[in-house]
Amino acid sequence: MSPVIDMSVDLAGMRLPNPLMTASGCAANGRELSRFFDIAELGAFVTKTVLAQPRSGRGTPRMAETPSGMLNSIGLQGPGITEFTLRDLVWLKSAGARVLVSIAGNTAGEFADVAAVLRESPAFDAVVGVEVNISCPNVANRGLVFACDPLSSAKVIALVRETLPRGIPVFAKLSPDVTDIAEIAGACETAGADGLTMINTLLAMVIDTDLLRPQVGGVTGGLSGPAIRPVAVRAIWQVRAAMIEGRIPVVPIIGVGGVRTGDDALQLVAAGASAIQVGTATFNDPAAPLRVNRELTAALQEKGFARFTDAVGIAHPRPDQQ
Amino acid sequence: MRPATRERVPQVCGELVANRRVGAYHQLTFVAAEVAALARPGQFVALAVGGDTSATLLRRCFSIHKVSPGETNGDTVEIVVAAKGPGTAWLTDLRTPAEVSIIGPLGRGFPLPTEPVPCVLVGGGYGSAPLFWLAEVLRERGCHVELVLGAATRDQLFGVGQARRAADGVTVTTDDGSMGTKGWVSLVLPDVIRRSRADVVYGCGPMSMLRAVTEIAATEGAVAQVAVEESMACGIGVCMTCVMPVTGRDGVTRMARSCVEGPVFRGDRIRWEAFDDGRCQVPGDAYGAQAMVGH
């Protein structure tokens, strides 16, 4: 029998038994996937982004399949933070999940309001961290999401950080649709982000060639799936490199984008991710996050690692090699 | 409007034991005992397509045509597939033996009447696939069952032969008159409902047909139960793509997921006026629609 590998991670104080998570918007709020596996076995369960008010989401069609991926234009359908905390979060706690709550707002103030309701909620002790979705492409201003501007990003992160207790790490979820992602990452860190989640979907579009019009009702949407994995690897690499070079502070990176297998996860880890979220692959295989954890564990074991954390960022040149 | 059950849903490797061409369609039979054991008429299965490394990631969902006791290998599940795109063409091109990942049964099936009331079952194209099994179950309960099958052409009808065995009466329509009455099912449906004094009308097929079925049922004083067709990315309730505006018992319209809250809805609860030209808008009075203003 191969030696047991330590898969646990500590993400800015968020201690998890393994680095695998669901990805926001690809797992609803837990009940559905619990029909396929025990969500308490995940490193963390990442909830669907919740805003202050209930949202119907957009009309349909909301989806277009693309090569090795898909385009979605859901429009952040959800119950609003109050109902979320009273129903979904309470249920997640009862299921034994460690919950990373994804929040958003139309304004910086709304992000803080959502965080404030969350902080006061009865099941808040199930929350291990908060992911601040400043990069959903399915919002009114489309390409002009908070995460495209360092100042807007910093304002949101600062307000959320000061609203939440110190023991709850705040992760800024970044968009790859920017000129210099390390600059945005640095602005978020300076504003108080304890970690980063990279990457959100890419703004994209599909035309229906029968009807000669945009295929999704929202015209543009977010591209996800294995097709965008190389973009995620690149973004994580660039930000990790900026940390190694001392240009921005060192914080943990949660890698997300096109992970379908343990080998895919290892690419993101080697580029600098300390945890991995599995999103679109869940639509193909509902238990994919746990399968990826098994495959990643086996891959690291085979390569002789004793600890998962030893593999984080390992593809970067080490000082002794320079 | 929560998923009906939190019990485990089987995810199995189904062995393809038959792939038969039936008119414009293919009828595929898989050994999938765990799925067969739980399935009810109106539920569906989600099949992965293209193999383990497929670039076509999203599962294809099919209503269950029937489940049968297996001869040697275990109980089987049958589906009817129209090769409309690369995913469905991959399935119809499969030859036995082959293995396909199957998740199911999924969704809420057709609700069954508690009394032995007369029922009319309406299928458009291969939307008729789940209705023969439903007819059997209803007749076991003492219901008089009429089947109405419609399609554009004779080739696109599905199951006319088995309809005669499964139902007490069968009416066929085709748009081009190549079989049965020339015209849509809506042309013959009022008379079938009246003649059979039906209390329930079940429908499965294109949305435009389901809307007509709902309206005719209402006019004739019957309840419509329709299995909807909306494109799904996951089939298990997590992606939020297959939504449509459905009014709940509380009178509030929500964008309901057809995969877990449906696929069968009471026809008069669907906000049909929101559908137009291949799109569906969110009604202004829907729950959470206000927050979308300016978005």
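Two strands count as paired if DSSP finds at least two bridges between them. The exercises below apply this criterion and others to a predicted model.

**Exercise 1. The sheet of chain A**

Determine the order of the strands in the eight-stranded open sheet of chain A, and identify which strands stand at its edges.

*Solution.* 
Step 1. As an example of one pairing, strand E9 (residues 170-174) of chain A runs parallel to strand E10 (residues 195-198) of chain A, and four bridges join the two. Within these strands, A:Ala172 is placed opposite A:Leu196 of E10(A).
Step 2. A helix can then be set against the sheet: helix H2 (residues 108-119) of chain A lies across strand E7 (99-103) and strand E8 (127-133) of chain A. The angle of H2(A) to E7(A) is about 150°.

**Exercise 2. Two helix pairs in chain A**

Classify the packing of H2(A) with H3(A) by angle and by handedness, and state which residues meet. Then do likewise for H5(A) and H6(A).

*Solution.* 
Step 1. The axes of H2(A) and helix H3 (residues 150-163) of chain A are 8 Å apart, at an angle of about 20°. Angles under 35 degrees count as roughly parallel, and H2(A) is therefore roughly parallel to H3(A).
Step 2. The crossing of H2(A) past H3(A) is right-handed.
Step 3. From H2(A), the residues A:Ala108, A:Gly109, A:Phe111, A:Ala112, A:Ala115, A:Ala116 and A:Arg119 meet A:Lys155, A:Val156, A:Leu159, A:Val160 and A:Thr163 of H3(A). Sorted by class, this contact has eight nonpolar, two polar and two charged residues.
Step 4. For the other pair, the axes of helix H5 (residues 229-244) and helix H6 (residues 262-271) of chain A come within 8 Å and cross at roughly 20°. H5(A) and H6(A) are therefore roughly parallel to each other.
Step 5. H5(A) passes H6(A) in a crossing that is right-handed.
Step 6. A:Arg229, A:Ala232, A:Val233, A:Ile236, A:Trp237 and A:Arg240 of H5(A) meet A:Asp264, A:Gln267, A:Leu268 and A:Ala271 of H6(A). The classes here are six nonpolar, one polar and three charged residues.

**Exercise 3. The overall dimensions of chain A**

Compare the radius of gyration of chain A with that of a compact globule.

*Solution.* 
Step 1. Chain A has eight helices and 16 strands, and its C-alpha atoms fill a box of roughly 50 × 50 × 45 Å along the principal axes.
Step 2. For 322 residues, a compact globule would have a radius of gyration near 20 Å. The value for chain A is 18 Å, which agrees.

**Exercise 4. The sheet of chain B**

Describe the seven-stranded open sheet of chain B and identify its edge strands.

*Solution.* 
Step 1. The strand order is E10-E9-E8-E7-E11-E12-E15 in chain B, with mixed pairing.
Step 2. Strand E10 (181-182) and strand E15 (264-266) of chain B have a single partner strand each, so they stand at the edges with one side lacking a neighbour in the sheet.
Step 3. At E10(B), two bridges provide the link to strand E9 (residues 169-174) of chain B, and the two strands run parallel. B:Thr174 is opposite B:Lys182 of E10(B).
Step 4. Helix H5 (residues 185-196) of chain B lies across strands including E7 (119-124), E8 (145-151) and E11 (200-204) of chain B, at about 175° to E8(B).

**Exercise 5. Backbone features in loops**

*Solution.* 
Step 1. A:Pro61 belongs to the loop between E4 and E5 of chain A.
Step 2. B:Pro263 is in the loop between strand E14 (253-257) and E15 of chain B.

Notes:
Residues numbered from 1 in each chain as written. Chains lettered and ligands numbered in written order. Predicted model: local features only at pLDDT ≥ 70, side-chain atom pairs only at ≥ 80, totals over all residues. Contact = placed C-beta atoms within 7 Å. Axes fitted to C-alpha atoms, helices over the stretch in contact; angles between N-to-C directions. Parallel < 35°, antiparallel > 145°, perpendicular 65-115°, else oblique. Left-handed = near helix turned anticlockwise from the far one by under 90°. Nonpolar A, V, L, I, M, F, W, Y, C, P; charged D, E, K, R; others polar. Rg over C-alpha atoms; globule rule 2.2 N^0.38 Å.
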